[in-house]
Amino acid sequence: MTRIFDPHIHMSSRTTDDYEAMAAAGVAVLVEPAFWLGQPRTSVGSFVDYFASLLGWEPFRAEQFGVAHFCALALNPKEANDPGLRDDVLAVLPRYLVKERVVCVGEVGYDSMTPAEDEVFARQLRLAVEHELPVMVHTPHRDKVAGTVRSLDVVRESGIPPERVLIDHNNELTARMVLDSGCWAGFSIYPDTKMDEQRMVRVLQEFGVERMLVNSAADWGRSDPLKTAKTGAAMADAGFLADDVDRVLWRNPVAFYGQSGRLQLPDTTVPPAAEATYEGSSILRGERPRPGA
Amino acid sequence: MTGTAGVEARRHVLADALREVLSEDDRHWQVEAIATVGADPAAIMRLFPAAGRVLPRRALVEEPLTAWSWTTDEAARALLLAALPAARRDQALRELYRYGDRYERSAVLRALDVLPVGTVTQELVPDALRTNDPRLVAAALSATGLAVLDERELVQAVLKCVFMDLDLTRLPLPEERIAPQMSRALADYALERVTARRSVPDALWPFVQRHPPHDVLAALRRVPQRTDPVEEPAE
């Protein structure tokens, strides 16, 4: 079975059914980046509890299904605009960037391209350098080309080596400039909106597989956590070799996040199975884990 | 062994076991980190998380690893905490737990059993018992953790172990702390399981046998078509 590493997926809103389906489809590893909750947080405690959950309950949940969960942490672009919380969140963030399961600073970048977002973006790029972590940049859904151009400018100004930067949520119009900059290009595959797997196949045919990442995002809009697997299937249908599919869906995310020095992978020579709970989680080997009490 | 002598003895056993399993490089890191914390207590805020990035995570002594067993990084973290001046320790434990990931939290909870600490145990153990991560619950229920629970809390803690499929034979609970209320609560739970045609862990019965609730045991015997033989105390 194809081994899959979803490099950008929001799991805290997902059910155990989703984890089960993902594991069955071959998803063995994922990175969940910090984002907003669908409505604004009103205290720094909400961020602290959220970061703690991405390092506590969520990886435990994932483990029950044999999925290794890592995370990216940051103050997301939308909430960078909250003047009351911004400094407090940025002050507490470094406590979390040192955790072993944090493999990236993200999602950072622009939502509406405000001065506040500018400042918070730049500050978090500096934090990434300080903590020797790669960066995940969210590109805005509105005015995407302009937002991507500006994001690439900010990245260039920061001095971060481009190979340590993932520019995400690309489409046909942004792929070329992102790849030319030397950054990694991420594509979020959705059922209706933004990018779908057929378009993704055409993008891969045009631009190749180098520095390309495919994710299912699975955030607040209508989304499907199996889009990575479906993209792999579409690639195969279009004549890509199994090695190309493995490159895009596994080796590329491993290479990108491996730059953190913290990516400890489960044994992937063992195929995902119903008992993946043991293989995926040596820590609970010998005891049958059950979610909930 | 109870009290300070017990805590210290357990810590020495831990240090010996850790020394056996760490590589030379990792032992070197550990020794340096302990010295740093001794000289500059605030450094523990950075070295405690770092231990998880640097050191391997393996069973310290036993295999297979269960929720009840110490890991190498937990042992190393406990020894870092031991290097703190006593006056700084409780506050450090609170902060490291508050801002800890799941591995750091279990390390803090296990450390409570091998360090002289103050009232922090009473704050952290009830918090851990509200989580659904079996590893955190098991870490909280060391001899030291159990000692801060009153009778009612103890019943809830033991029930929680059963719910989470934690092996009750590993719970370091002195027999004299098993009160009639606990025997009854576990017998009631067994009745629920048996009525639902589900199995009951063998380790539950010694708790029931301590103060056997005869009415519940009678009800258990009346349940038809039990799926497995139920071991009951002789009357």
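This is a predicted model: local features need pLDDT of at least 70, side-chain atom pairs count only at pLDDT 80 or more; totals for chains, interfaces and linings use all residues.
**View 1. Chain B is built from helices.**
Chain B has 13 helices and zero strands. The C-alpha trace of chain B spans about 65 × 30 × 30 Å along its principal axes. Of the 235 residues in chain B, 54% are buried. Take the contacts in chain B with a separation of 6 or more: 69% of them involve residues 24 or more positions apart. Chain B exposes about 10700 Å², and carbon and sulfur atoms supply 51% of that area.

**View 2. Chain A meets chain B.**
How many residues does each chain bring to the contact? Chain A brings 27 residues, and chain B brings 32. About 2600 Å² is buried between the two chains. Carbon and sulfur atoms give 50% of this buried area. Four salt bridges are found across the interface of chain A and chain B. A:Lys99 and B:Glu104 meet in a salt bridge through their side chains, at 2.7 Å from N to O. On the side of chain A that touches chain B, helix H2 (44-54), helix H3 (57-63) and helix H4 (86-97) each supply at least two residues. H3 of chain A gives the most to that side, with four residues.

**View 3. A nonpolar patch sits on the surface of chain A.**
Three residues form this patch: A:Val145, A:Val149 and A:Leu173. Together they have about 260 Å² of accessible area. A:Leu173 is found in the loop between strand S6 (165-168) and helix H7 (175-181) of chain A. Is A:Leu173 buried or exposed? The relative accessible area of A:Leu173 is 64%, so this residue is exposed.

**View 4. Some backbone angles stand out in chain A.**
Most residues other than glycine have a negative phi, and most peptide bonds are trans. The peptide bond from A:Gly106 to A:Glu107 is cis, with omega near 0°. A:Glu107 lies in strand S4 (residues 102-109) of chain A. A:Asp143 has a positive phi, near 60°. A:Asp143 is in the loop between strand S5 (135-138) and helix H6 (144-158) of chain A. With a relative accessible area of 53%, A:Asp143 is exposed. A:His169 has a positive phi too, of about 60°. A:His169 is in the loop between S6 and H7 of chain A. A:His169 counts as buried, at 5% relative accessibility.

**View 5. A:Glu79 is buried in a loop.**
A:Glu79 is found in the loop between strand S3 (68-73) and H4 of chain A. At 6% relative accessibility, A:Glu79 falls under the 20% cut-off, so this residue counts as buried. Which residue does the side chain of A:Glu79 join in a polar contact of 2.7 Å? The partner is A:Asn76. Leaving out residues up to four places away in sequence, A:Glu79 touches A:Phe35, A:Trp36, A:Gln39, A:Pro40, A:Arg41 and A:Phe47.

**View 6. Salt bridges join parts of chain A.**
Over all chains, the whole structure has 31 salt bridges. In one of them, the side chains of A:Asp111 and A:Arg142 meet at 3.3 Å, N to O. A:Asp111 lies in the loop between S4 and helix H5 (115-131), and A:Arg142 in the loop between S5 and H6, so the pair ties together parts 31 residues apart in sequence. A:Asp111 is buried, at 13% relative accessibility, whereas A:Arg142 is partly exposed, at 48%. Another salt bridge joins the side chains of A:Glu197 and A:Lys227, at 3.0 Å from N to O. A:Glu197 is in helix H8 (residues 197-207) and A:Lys227 is in helix H9 (residues 227-237), 30 residues apart. A:Glu197 is buried, with a relative accessible area of 11%. A:Lys227 is buried as well, at 8%.

The side chains of A:Arg251 and A:Asp243 meet in a salt bridge of 3.1 Å, N to O. A:Arg251 is partly exposed, with a relative accessible area of 31%. A:Asp243 is also partly exposed, at 46%. Salt bridges that share partners join A:Arg3, A:Asp243, A:Asp246 and A:Arg251 into one network.

Methods. Residues are numbered from 1 along each chain as its sequence is written. Chains are lettered from A and ligands numbered from 1 in the order in which they are written. Side-chain values use heavy atoms; hydrogens and water are left out. Patches are made of residues with over 30% relative accessible area and no salt bridge: like charges are joined within 9 Å, nonpolar side chains (Val, Leu, Ile, Met, Phe, Trp, Tyr) within 5 Å. Accessible areas come from the Shrake-Rupley method with a 1.4 Å probe; for residues, only the protein chains shown count as cover. Buried means under 20% relative accessible area, exposed over 50%, partly exposed in between (1.4 Å probe, protein chains only). Contact means heavy atoms within 4.5 Å. Buried area is the accessible area (1.4 Å probe) that two parts lose on being put together, summed over both. A polar contact is a pair of N or O atoms within 3.5 Å; within protein, one must be able to donate a hydrogen and the other to accept it, and residues adjacent in sequence count only if both atoms are side-chain atoms.
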